[in-house]
Amino acid sequence: MATDKDRTGVIDVIAEDKKTGEVVLVMNQHNEWDGSNEQLLVLQERFNAYVSFLLDGEMESDHPELAGKPARIEMRCAHMPDSRTLELLVLIHDQLAFQDIKMEVIIRNDEIGMPNDEGITKSQ
C-alpha cells in the first residue's frame with residue numbers, strides 16, 4: 001500500500017458536484033493521525049499540490065469542461081485528526097478561503113461527533 005508521502009502529487013478523485021456545480025477534488029486519508037512533523041508536512045504538501053492543480057491551469061487543460069467552476073477540496077479521513085492536525089487544517093481552510101476554494105474534512109469513522117462549523121463535516 002502506498003504511503004501518503006508517495007501520493008503527494010496525486011489527486012485521488014476529480015468530480016463535479018451536480019447539486020452545487022462545484023469541482024470537487026477528493027483527498028483520501030486512510031492512515032491514523034499521529035501529529036508528527038513528517039505527517040503534517042506531507043499533508044501540507046498534498047494540499048499545495050491540490051491547490052496548484054486548481055490555480056495553475058492544470059485542471060483547465062486536463063478537464064476543460066470543469067474550467068471556471070467554483071472549487072472544493074474534500075479530505076476524507078478514516079480517523080479523527082489529532083489536535084495538531086486540526087490546527088493545521090483550520091489554517092489551510094482559512095488560506096483556501098482567500099483563493100475562493102472551499103474545504104471540507106469528512107470523518108468516515110462514527111466514533112466521534114463534531115459540530116458542522118469551520119468547513120469540517122462528518123458524514124453518517
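Student: How much space lies in the second largest pocket?

Tutor: About 160 Å³ of space lies there, in a predicted model where local features need pLDDT of at least 70 and side-chain atom pairs count only at pLDDT 80 or more, while totals for chains, interfaces and linings use all residues. Residues are numbered from 1 along each chain as its sequence is written, and side-chain values use heavy atoms, with hydrogens and water left out. A pocket here is an open set of points on a 1 Å grid over the protein atoms alone, where a 1.4 Å probe fits, with protein on both sides within 12 Å along at least five of seven lines, and lining residues have an atom within 4 Å of a point. The volume is the space filled by probe spheres set on the points, which are joined across faces, edges and corners.

Student: Which elements give two or more residues to the lining of that second largest pocket?

Tutor: Those are α1 (37-55) and α3 (83-98), helices being DSSP runs of H or I with at least four residues and strands runs of E with at least two, numbered from the N terminus. Helix α3 gives the most, with 5 residues. The lining includes Phe 47, Val 51, Leu 88 and Gln 95.

Student: And how does the lining divide into nonpolar, polar and charged?

Tutor: It has 6 nonpolar residues, 4 polar and no charged, where Ala, Val, Leu, Ile, Met, Phe, Trp, Tyr, Cys and Pro count as nonpolar, Asp, Glu, Lys and Arg as charged, and the others, Gly among them, as polar.

Student: Switching topic, how many salt bridges does the structure hold?

Tutor: It holds 8, a salt bridge being a side-chain nitrogen of Lys or Arg within 4 Å of a carboxyl oxygen of Asp or Glu. In one of them the side chains of Arg 46 and Asp 12 meet at 3.1 Å, N to O. Arg 46 lies in helix α1 and Asp 12 in the segment before β1 (13-17), so this pair ties together parts that are 34 residues apart in sequence.

Student: Is Arg 46 buried or exposed?

Tutor: Arg 46 is buried, at 1% relative accessible area, and Asp 12 also counts as buried, at 19%, where buried means under 20%, exposed over 50% and partly exposed in between, with a 1.4 Å probe and protein chains only.

Student: What about Arg 76, which residue does it bridge to?

Tutor: Arg 76 pairs with Glu 74, their closest N and O atoms being 2.7 Å apart. Salt bridges that share partners join Asp 17, Glu 22, Arg 72, Glu 74, Arg 76 and Lys 102 into one network. Glu 74 is buried at 6%, whereas Arg 76 is partly exposed at 30%.
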